[in-house]
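Open the model in your viewer and keep the selection tool at hand.

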Amino acid sequence: MNGDLQERIEHWFAQGAAAIGNAEAEACFLELRGKLEAGELRAAEPDASVPLGWRVNGWVKRGILLGFRIGTMREMGGETLRFIDKHTYPVRRFVVADGVRVVPGGVSARSGAYVAKGVALIPPSYVNVGAYVDEGTMVDSHALVGSCAQVGKRVHLSAAAQIGGVLEPVNASPVIIEDDCLIGGNTGVYEGTVVRRRAVVAAGTVLTRGTPVYDLVKGEIYKATAEMPLVIPEGAVVVPGSRAVSKGKGAEWGLSLAAPVIVKYRDEKTELSLVLEEILR
């Protein structure tokens, strides 16, 4: 069934501007959007047969872009909250049967985002189109789940955590946060970074494609390559750090650059410090 949908999405995406205003193109997109919301389709999904362990579904991303292309600007919302956006991407509406805890005060999830049962959305937070947020996860105040970002089960995205998304280029992997991770407050995880299961990213840490991560435990340095994004190992505890500039004016001025550091791997003490997460959920 999805194979047929993929063919139709590829067809209408290839039509460019000719797809605008076409009822069949819109119906095709709405089918894709519905499957994304139901968790039946994902922009990226686990796949043990590829080196990263995740497969990017480029055609799904093209379908999301098709929705932007064919959408027209409209006023939407109610009397107290109005906004102007493409009509193909209204705010997603939840009902009790969805099992999602939507706390009042400024929570918004865009249509085409999957939010599983047991997820808590704490205001003000935002989940963008194509994102996948799995069971038992908490999206805390001021947290962002970017377009096509993949967030696993029982993850805590702490206050002001920014999980970047990657919609374009369509073949690039989005940010992926695997199961049972803790992402601390005011963190930033961007540009396709993969955080493996049970890792802890401490408050204030920023991870990007150009960020080297220094592992004090294993004596290794992790970097993105042309083929692979930055990958944080399973169970790693990453904290903000710095490294001195050794040459030129940087050395003369005593400057240092940000350098995330893995100081340990999760143990019983780390687990005890996370007991509060279960209570909050």
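Start by selecting Asn-171, which sits in the loop between S15 and S16. The model you are looking at is predicted. Is Asn-171 buried or exposed? Its relative accessible area is 61%, so Asn-171 counts as exposed. Show the residues around Asn-171: setting aside those up to four places away in sequence, Asn-171 touches Val-56, Gly-58 and Arg-62. Lys-61 and Asn-171 are 110 residues apart in sequence, yet their C-alpha atoms are 8.3 Å apart in space.

Next, select Ser-173, in the loop between strand S15 (162-163) and S16. Ser-173 has a relative accessibility of 14%, and because buried means under 20%, Ser-173 counts as buried. Which residues is Ser-173 in contact with, leaving aside neighbours within four places in sequence? They are Leu-52, Val-56, Val-166, Gly-192 and Pro-229. Val-56 is also touched by Asn-171.

Move on to strand S16, residues 176-177, and select with it strand S19, residues 194-195. The two run parallel and are joined by 2 bridges. Within this pair, Ile-177 stands opposite Val-195 of S19. Strands of a sheet pair through backbone hydrogen bonds, either parallel or antiparallel.

Val-239 has Val-261 as its bridge partner in S28.

Now go to helix H1, residues 2-14. How far apart are the end C-alpha atoms of H1? They are 18 Å apart, which agrees with the 18 Å that the 13 residues of H1 should span at 1.5 Å a residue. Colour the buried residues of H1, which are Leu-5, Ile-9 and Trp-12. These cover an arc of only 70° around the axis, which puts them on the same side of H1. Helix H2 (23-37) and helix H3 (58-70) are among what covers them. Turn the view around: the face of H1 turned away from its buried side carries the exposed residues Glu-7 and Ala-14. Just after H1, select Gly-16, which takes a positive phi of about 60°.

Finally, zoom out to the whole protein chain. How many helices and strands does the protein chain have? There are 6 helices and 28 strands. The radius of gyration is 20 Å, close to the 19 Å that the globule rule gives for 281 residues, so the chain is as compact as a globular protein of that length. Along the principal axes, the C-alpha atoms fill a box of roughly 60 × 40 × 40 Å. Of the 281 residues, 48% count as buried.

Conventions. Residues are numbered from 1 along each chain as its sequence is written. This is a predicted model: local features need pLDDT of at least 70, side-chain atom pairs count only at pLDDT 80 or more; totals for chains, interfaces and linings use all residues. Side-chain values use heavy atoms; hydrogens and water are left out. Helices (H or I, at least four residues) and strands (E, at least two) are DSSP runs, numbered from the N terminus. The expected span of a helix is 1.5 Å times one less than its number of residues. Buried means under 20% relative accessible area, exposed over 50%, partly exposed in between (1.4 Å probe, protein chains only). The arc is that of the directions from the helix axis to the C-beta atoms. Contact means heavy atoms within 4.5 Å. The radius of gyration is taken over C-alpha atoms; the globule rule is 2.2 Å times the number of residues to the power 0.38. Two strands pair if DSSP finds at least two bridges between them.
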